[in-house]
Amino acid sequence: MVEPVYLFDLVEKQRSWLSARQSAVSQNVANANTPGYKAGDVAPFSKVLDRSALELAGTNGLHIQTAAFDPRASSPKEGTNWETSLSGNSVSLEQEMMKAGQIRGAFSLSTSIMKSFHGMWMATLKG
């Protein structure tokens with residue numbers, strides 16, 4: 001019997017998070033000249049993972065223990081805005097463009113992972 005694979009759920013959660021972050025970045029860029037506008041961002045994806053029910057299971061005592069390599073052990077630093085204009089606007093276009101590049105790279109990576117996983121899945125089914 002085949003065990004369920006949760007990779008698709010994880011990628012879907014990440015893509016939803018990336019879409020929300022992309023929306024926040026686009027709002028920041030659109031309001032770059034609005035007086036008093038405060039730049040916003042979404043919570044880090046690690047917080048989304050903390051709320052999920054995905055856990056690794058060891059089936060053999062020789063498997064690497066996940067506690068030593070827990071990526072959630074280090075909390076991400078909250079980003080600070082680089083500048084605030086005289087009008088009170090805290091949007092830095094350079095910072096927002098860097099965020100947009102990170103989002104694009106994450107979308108590209110998740111697409112590549114899904115293509116690879118799909119190829120492996122199809123090779124397994126074809127035998």
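With which residue does Arg21 form a salt bridge? In this predicted model, the partner of Arg21 is Asp41, and the closest N and O atoms of the two lie 3.1 Å apart. Arg21 belongs to helix H1, which covers residues 7-30, while Asp41 sits in the loop between H1 and helix H2 (45-51), so the contact ties together parts that are 20 residues apart in sequence. The two residues may also be described by their accessibility. Arg21 has a relative accessibility of 13% and counts as buried, because the term buried applies to values under 20%. Asp41, with a relative accessible area of 37%, is partly exposed.

Asp41 takes part in a further contact. Its side chain meets that of Lys99 in a salt bridge, with 3.6 Å from N to O. This pair links distant parts of the chain, for Lys99 lies in helix H3 (residues 93-126) and Asp41 in the loop between H1 and H2, 58 residues apart. Lys99 has a relative accessibility of 11% and therefore counts as buried.

The side chains of Glu96 and Lys99 form a salt bridge in which N and O are 3.4 Å apart. Glu96, like Lys99, is buried.

Taken together, these contacts can be read as one arrangement. The count of salt bridges comes to three, and Arg21, Asp41, Glu96 and Lys99 are linked by such bridges in a network.

A nonpolar feature of the surface may be considered next. Which residues form the nonpolar patch on the surface? The patch consists of Val29, Leu93 and Met97, which together have about 250 Å² of accessible area.

Definitions and conventions. Residues numbered from 1 in each chain as written. Predicted model: local features only at pLDDT ≥ 70, side-chain atom pairs only at ≥ 80, totals over all residues. Heavy atoms only, no water. Salt bridge = Lys/Arg side-chain N within 4 Å of Asp/Glu carboxyl O. Helix = DSSP H or I, 4+ residues; strand = E, 2+ residues; numbered from the N terminus. Buried < 20%, exposed > 50% of the residue type's maximum accessible area, 1.4 Å probe, protein only. Patch = residues over 30% accessible without salt bridge, like charges linked within 9 Å, V, L, I, M, F, W, Y side chains within 5 Å. Areas by Shrake-Rupley, 256 points an atom, 1.4 Å probe, with all protein chains shown as cover.
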